[in-house]
Amino acid sequence: MQYALMFYAEPGEEAELSDAERAAAKAEYEALRDDPRFVSGAQLQPAETATSVRVAGGRTLLTDGPFADTKEVLGGICLIEAANLDDAIELAAAIPVARHGGVVEVRPLVGLR
Amino acid sequence: MLASLAGYLGDLDRAEEAAQEAFAVAAARWPETGVPDNPAAWLVTTARNRAIDRIRRERTLAEKLHLLPAPEAAVDEFDDSPIKDERLELIFTCCHPALALEAQVALTLRALGGLETADIARAFLVSEETMKRRLTRAKAKIKAAGIPFAVPDERLLPDRLDAVLAIIYLIYNEGYSGRVDLGAEAIRLGRVLAALLDGQPEAHGLVALMLIHQARQAARFDGDDLVLLEDQDRSLWDRTLLAAGRAELNRAVELGGGGPYVLQAAIASLQTRERIDWPRVAGLYRRLAELTGSPVVELNRAVALAQAGDPAAALSAVDRLDLDGYLYFHSTRGELLRRLGRDAEAGAAYRRALDLATTTPERRFLTRRLEEL
């Protein structure tokens, strides 16, 4: 089954880590790509760079900032192929953001038939 | 039966549907043909065949067809091979922590306890419609999110077993509610779990704990007044349940158990002895407090210390706790102060407890204590 792992964190949380911790986290993110379950992934620029787009009455309306105004923002996503939810959770729990005060949301993808 | 079908079909909804169909077929056929030699196997095979027929009808994609296992036997031929017991897989699926707690409880009662949705709804004081939605949502998540139908591997097992035990104990503590005796149901589930997972001391510990509590059930209330352990009429205790509980506790101890349920069961067991060994009870509470970090356990340890004859040590343990909003903190302090002859302070503590009391029996009990000072 395919799952999306979405990494949420409070901006600035990473800044509280020591240099060594940050380097270790970076190495772990890079190592994700070598996991056999990894399909694709990306790190996002900070939420201040986001533009929200909607179309109403044929007009394109733009808003500065992310769609949901929450304390925690989406910082990265990763698509994986896992045997089942437990397999996906195991990978999610190994992602540094999950233990540095953030959250990894695990969502199954709609299957292609 | 449901567990076996769910394991075979990998889908709780289909399993339930198929089981219902099989019972309907049996109800129509058995009065004429007589009951088959192995009714359970007959029902499972019939249900499987019906489910496969249904899946075949539903799936139009040709490539899916060859993936389905062919029916192994026609409905009327049977081998005597035992039905594979897949209740353990089912319980770990129902109590998967990715499901909401209330959904885990409901699913476990529905799928493993075989309770009707209406009865579960009544027991948890929600409408049948709400309970139906809760179950449907949970089953949909199991399917869509890929919650496995499997006993977790060794790395995951300790955590997942804790989750299962917590759900069973939660069900136990709901007690008798509506038409269903959830206490008895929880004990039954716990016994199944302990038997299927023999070798897990905490599973036996939980069963022991529930059985020992259950044995004292009839003596715990006088009308709706709670009767304290020391005042309970021991002739009302159920000796059979008590012996069964102690046997489970022994099994847990043989297995090297020393987790929270085993400790609680050991404490409950000691408290049913003719002469209670309070220093030992206090020692077990100390171990339990170390494991759980719970101030309420620490409060119980203090009570045991007082019973062991040292109310001063008990009071100093109690005074270290931060439990100001907790009724039993104040009633315990009141009791200890009374024993130490500090009546004025005891009165203040009882009055504080009275402020926090929410039920009539609690209020009655505390008022009586105040008057006795």
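Colleague: What percentage of the 113 residues in chain A is buried?

Modeller: A residue is buried if 20 or more other C-beta atoms, placed from the backbone, lie within 10 Å of its own. In chain A, buried residues make up 15% of the 113. This is a predicted model: local features need pLDDT of at least 70, side-chain atom pairs count only at pLDDT 80 or more, and totals for chains, interfaces and linings use all residues. Residues are numbered from 1 along each chain as its sequence is written, and chains are lettered from A in the order in which they are written.

Colleague: How many helices and strands does chain A have?

Modeller: Both are DSSP runs numbered from the N terminus: helices are H or I, at least four residues, and strands are E, at least two. Chain A has three helices and six strands. From the N terminus on, the order is β-α-β-β-β-β-α-α-β.

Colleague: What order do the strands take in the open sheet?

Modeller: Strands of a sheet pair through backbone hydrogen bonds, parallel or antiparallel. Two strands count as paired if DSSP finds at least two bridges between them. Here four strands of chain A run β2-β5-β1-β6, with antiparallel pairing. The edges are β2 (38-43) and β6 (103-108), each pairing on one side only.

Colleague: How many bridges join β1 to β6 in chain A?

Modeller: Six bridges join β1 (residues 2-9) to β6(A). Phe7(A) stands opposite Val104(A) in β6(A).

Colleague: How many residues does each chain bring to the contact?

Modeller: Residues are in contact if their C-beta atoms, placed from the backbone, lie within 7 Å. Chain B gives eight residues and chain A five.

Methods:
Contact = placed C-beta atoms within 7 Å. Buried ≥ 20, exposed ≤ 12 C-beta atoms within 10 Å, placed from the backbone.
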